[in-house]
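Me: I'd like to learn how to read a structure like this one. Could you take me through it, one feature at a time?

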Amino acid sequence: MNDLLTGFRTVLSGEYPALLLYGLRLTLGVSLSALLLSVVFGTLLGVVRSVRLPILGALGEAYVELVRGIPLIVLLSVVYYGLPALGVTLGGFPSAVLALGLYSAAYTSEIVRGGLSSVSTGQLEAARSLGLSRLQSLRFVVLPQAWRVALPALGNEFVSLILGSSLASAVTLQELFAAGKYITNATYRQFEVYAVLALVYFLLTFTLTRLLRLLERRLSRGERLPERRVL
């Protein structure tokens with residue numbers, strides 16, 4: 001027990017806490033940037049697949065099936081190690097953002113497509129009858145409702161992005177997990193280091209899920225209309 005306490009004190013002393021904090025900032029930066037890419041590209045994919053455009057819809061379906069059949073670590077390696085063969089060289093951070101964003105976009109498109117299918121066609125018809133174009137109806141009427149329905153699933157996808165960012169150490173990015181591996185090599189305290197990492201990841205994802213649930217409750221308040229009594 002004393003040896004275990006000594007190990008935790010070693011891991012949480014000196015330069016190691018600052019190293020973990022730097023890795024945590026990189027993890028958050030990569031995850032948020034990849035989420036932005038995933039939301040934008042995934043939404044476009046979801047819309048294209050929902051409106052059933054002949055060529056674009058088929059390309060979207062092929063992209064989703066292809067990416068979902070590739071492990072994330074392989075996609076990271078393709079972006080970081082494979083693109084230089086085509087004359088495109090990216091650093092660790094942009095490589096991780098691109099790979100994570102493209103990977104997550106395939107799943108986000110499924111979430112958006114499910115949200116769009118939950119909106120009744122009457123909403124679109126009502127918007128068109130008010131003089132809105134099809135694109136305006138989709139942007140101002142259908143998509144906001146679809147996003148509200150898809151919010152819980154999108155929150156889960158963001159959690160998956162944070163956890164998936166731990167693989168970014170494979171492309172030399174010194175994020176949280178890579179910082180933990182460095183401390184392990186320096187201190188030989190595997191259990192203590194990975195216990196601290198597990199706690200940090202848990203607190204990060206737990207806080208995020210609670211905030212998303214709070215946002216979901218706040219958005220759902222607008223859907224609850226007061227009941228009227230008929231006298």
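Me: Which classes of residue make up the lining of the largest pocket?

Reply: Rolling a probe the size of a water molecule over the atoms shows where empty space is left. On a 1 Å grid over the protein atoms alone, a pocket is an open set of points where a 1.4 Å probe fits, with protein on both sides within 12 Å along at least five of seven lines, and lining residues have an atom within 4 Å of a point. Here the lining has nine nonpolar, four polar and four charged residues. Ala, Val, Leu, Ile, Met, Phe, Trp, Tyr, Cys and Pro count as nonpolar, Asp, Glu, Lys and Arg as charged, and the others, Gly among them, as polar. Bear in mind that this is a predicted model: local features need pLDDT of at least 70, side-chain atom pairs count only at pLDDT 80 or more, and totals for chains, interfaces and linings use all residues. Residues are numbered from 1 along each chain as its sequence is written, and side-chain values use heavy atoms, with hydrogens and water left out.

Me: Which residues lie nearest the centre of that pocket?

Reply: Those are S50, V51, L116, R134 and L138, out of 17 lining residues. The largest share, five residues, comes from α2. Helices are DSSP runs (H or I, at least four residues), numbered from the N terminus.

Me: How many residues does α2 have, and what follows it?

Reply: α2 (16-51) has 36 residues and reaches 52 Å from its first C-alpha to its last, close to the 52 Å expected. The expected span is 1.5 Å times one less than the number of residues.

Me: Is Y188 buried or exposed?

Reply: Buried means under 20% relative accessible area, exposed over 50%, and partly exposed in between (1.4 Å probe, protein chains only). Y188 counts as exposed because its relative accessibility is 65%. T172 has 47%, so it counts as partly exposed.

Me: Which residues touch the most other members of the largest nonpolar core?

Reply: A nonpolar core is a set of buried Ala, Val, Leu, Ile, Met, Phe, Trp, Tyr and Cys residues joined through side-chain atoms within 4.5 Å. In this core of 37 residues, look for L20 and A96. There's also a second, separate core of eight residues, including L116 and V142.

Conventions: Helix = DSSP H or I, 4+ residues; strand = E, 2+ residues; numbered from the N terminus.
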